[in-house]
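User: I am new to this structure and would like a close look at one part of it, the nonpolar core. Could you walk me through what it is made of and what surrounds it?

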Amino acid sequence: MVGSATAEQDHKLPEARPRDAQASGFRRAARAPQVSARLPSRLRWRRPGSSGAAAEGASALGEVGPPRAKEPPPAAPLPRLSAESPGPARDGCCTMDSCSSSNSCFSIGSTSPGAVVLLYSKELKKWDEFEDTLEERRHVSDLKFAMKCYTPLLYKRIIPCKPNDIKCSVLNSAEVHYVIKQLSKESLQTVDVLREEVCEILDEMSHKLRVGVVRIFAFALSKIFKQIFSKVCVNEEGIQKLQRAIQEHPVVLLPSHRSYIDFLMLSFLLYNYDLPLPVIAAGMDFLGMKVIGEMLRMSGAFFMRRTFGGNRLYWAVFSEYVKTMLRNGYAPVEFFLEGTRSRSSKTLTPKLGLLNIVMEPFFKREVFDTYLVPISISYDKILEETLYAYELLGVPKPKESTTGLLKARRILSENFGSVHVYFGDPVSLRSLAAGRLSQSPYNLVPRYKACIFISDTETWSYNLLFHTFSFRYIPQKKSEDMHAFVTEVAYKMQLLQIQNLVLSPWALTVAVLLQNRPFMDFDTLVEKTLWLKGLTQAFGGFLTWPDNEPAEEVIHSSILLHSNIASLVKDRVILNLNSGDSEVVDGLIFQHITLLMCSAYRNQLLNVFVRPSLVALALQMTPGFRKEDVYSCFCFLRNVFSDEFIFLPENALKDFEEGCYLLCKTETIQVNARDILVTEKGNTVLEFLVGLFSPFVDCYQIICKYLLKEEESYFTEKQYLAGVRKFTSLLLDQGASQCYDVLSSDVQKNALAAFVRLGVLEKRKV
């Protein structure tokens, strides 16, 4: 059980862990920290008495897990409010009437938790803001679209230049020149040799944007998107705001990353709306694709190595290249905060390297402001869904190649439903920094800088942009405050992405199916999905649901779209857990593939439900319903799962308030001065929320069991992943567990990171 002693500890973001599993090893901590909170093997509800205090003889709900359709576990009686129970206190506490209002507020105690009042509401998006961009494409020649007059509005202070001019500017920059001189002294290599190496890096890295190649892509993508997607919906208001932002200040595009299609889709849409095409940070893997790699380069992609290691010269060249394009306003800079595609449909924790680079010109006052634009891309059906399941089960990612691309052309005969692209409001970096950074983190401003501040609203001078610098460069080190600020900005951008991700009916349907597998009656499925639809909308979820179609048709259409995962047979919806006569496909158990694909779509819901679900789990794990004990348990769970979900650092109290508010709004709980009470109608909601998040609790418990039985004191990440996979497969084969999510390498790696952060394991270089 979790006691009140478990307060939220340090919420500073842990340092990024190396990707190379062979470069480091793990061992059990010599002395485990004294932590009173733990994940219990059995989670229980406690029933408060009429005074709200804990009563004796609580009833057990039993092992947390999705309820089965055939033999649902008996639901334990939840604490209820009766006529004899005292109502919420008047001093700022939440009442049921106030919870139904969009401006509800309540107090949860002192700062630990303190007398902080939450005014929380979510403005629902309007679907009439969206436009299907493919509708016009279906009535206009693709060739005419590709050859249209393309005259985008550009940054008002742009300096006309060609891609080669940018390379020359980087080669002659003071920062690169400084690093070359330092390395020349250290390695005894001549300056000329190192300059030649810089030229090779730039040739490998730089883009060669050409409108002719862009037109070829526009023609091809228009045909492909019309073939595989029924709609590509875009919010026009976001496009208009982006158009204004691009003319005012340098712009950084920050899209979510769920598919290889993401960056192609964005360039296609910007070309469609006559906006400047972005320069896109792409992995070096794409250069292995003959012809295609060079075409991507000529459509705006610039290439970066996955890891820089200790290569100071490469880092200096790469960062200066990105900053030069940004300072010049050459084109919007686009990159993925997550660093790679999310295989599990959960937003990955941000990688800060590129964000540090694009924010640096503002910190050095080389640009007056920079706009950050969060973009949310949502797919009804993900093109790589099967590939992702294979990778999560341990199959290595196939190498990008032109041959592989040609083999994938079979997708042209499939239907992937709709795509929704939401361009968020441009966020001013200057506004974010106001009050946070009162003075420049770079106290010593190098004399070489190319931009000189004249006034708060007017002129910036770039007259040194392409000149060779002959004076001394002074390297600057980022302050801790600035690093914390960059981290905070990264998480804020990701939360804005999450807020605007669109949920399809299938995400709701599969969440219900997973809690009632392996099959359900169709009518029951419709009923429960509609109930979940109402709960999702009450929690502020951005849900697409055709208003003019019966619910039965909407859900039936979703099942047909995902016929590889589920089937409707004789009024029963059945998950496809076997493949014909064989249970094994490509060396993997077919059931595992299907269930991990289902989990990926269910995970899309978790962004909406994570905070109220953690409150529900905390209520179930806490002996009694004292507010401070529940908050303490919530903080522990939030800390444990901080690699699974996106939480703003140092924001636990507001996250707890949000979770409680949403549960109050749906009349699931009431909060008074001391306790959190469950209403009579709260049983169903809390049980669903616990069932939705119980797979993660179960996964971490299973991995704990594996670590406890592991005899070796030291192990590498590769050994750990192989050992956990073998251990969990054995549990599943024996029927000792029904938690298939633990097979996911994504969960396994996140659990390892959590145990290192909590001090259970130590990570050392070997």
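Analyst: Let's begin with the term itself: a nonpolar core is a set of buried Ala, Val, Leu, Ile, Met, Phe, Trp, Tyr and Cys residues joined through side-chain atoms within 4.5 Å. Buried here means under 20% relative accessible area, exposed means over 50%, and partly exposed lies in between, using a 1.4 Å probe and protein chains only.

A word on the source before we look inside. This is a predicted model, in which local features need pLDDT of at least 70 and side-chain atom pairs count only at pLDDT 80 or more, while totals for chains, interfaces and linings use all residues. Residues are numbered from 1 along each chain as its sequence is written, and side-chain values use heavy atoms, with hydrogens and water left out.

The largest nonpolar core has 214 residues, and those touching the most other members are Phe229, Phe335, Val421, Phe423, Phe609 and Tyr720. Helix H20, residues 590-621, gives this core its largest share, 18 residues. Helices are DSSP runs of H or I with at least four residues, strands are runs of E with at least two, and both are numbered from the N terminus. Apart from this core lies another, of five residues, including Phe130, Cys233, Tyr422 and Phe542. In soluble globular proteins, nonpolar side chains tend to be buried together.

Now zoom in on Phe229. Leaving out residues up to four places away in sequence, Phe229 touches Leu134, Arg138, Met265, Tyr379, Leu383, Phe416, Gly417 and Val419. A contact means heavy atoms within 4.5 Å.

Of its 766 residues, 56% count as buried. Among contacts with a separation of 6 or more, 79% join residues 24 or more positions apart.

How far can you trust the picture? The predictor's confidence in each residue is pLDDT, from 0 to 100. Its mean over the chain is 80, and 78% of the residues reach 70 or more. Over residues 31-122, however, pLDDT stays under 50, and the model has 218 contacts beyond four places in sequence for them. Residues 443-471 also stay under 50, with 59 such contacts. Where pLDDT is low, the predicted coordinates should not be read in detail.
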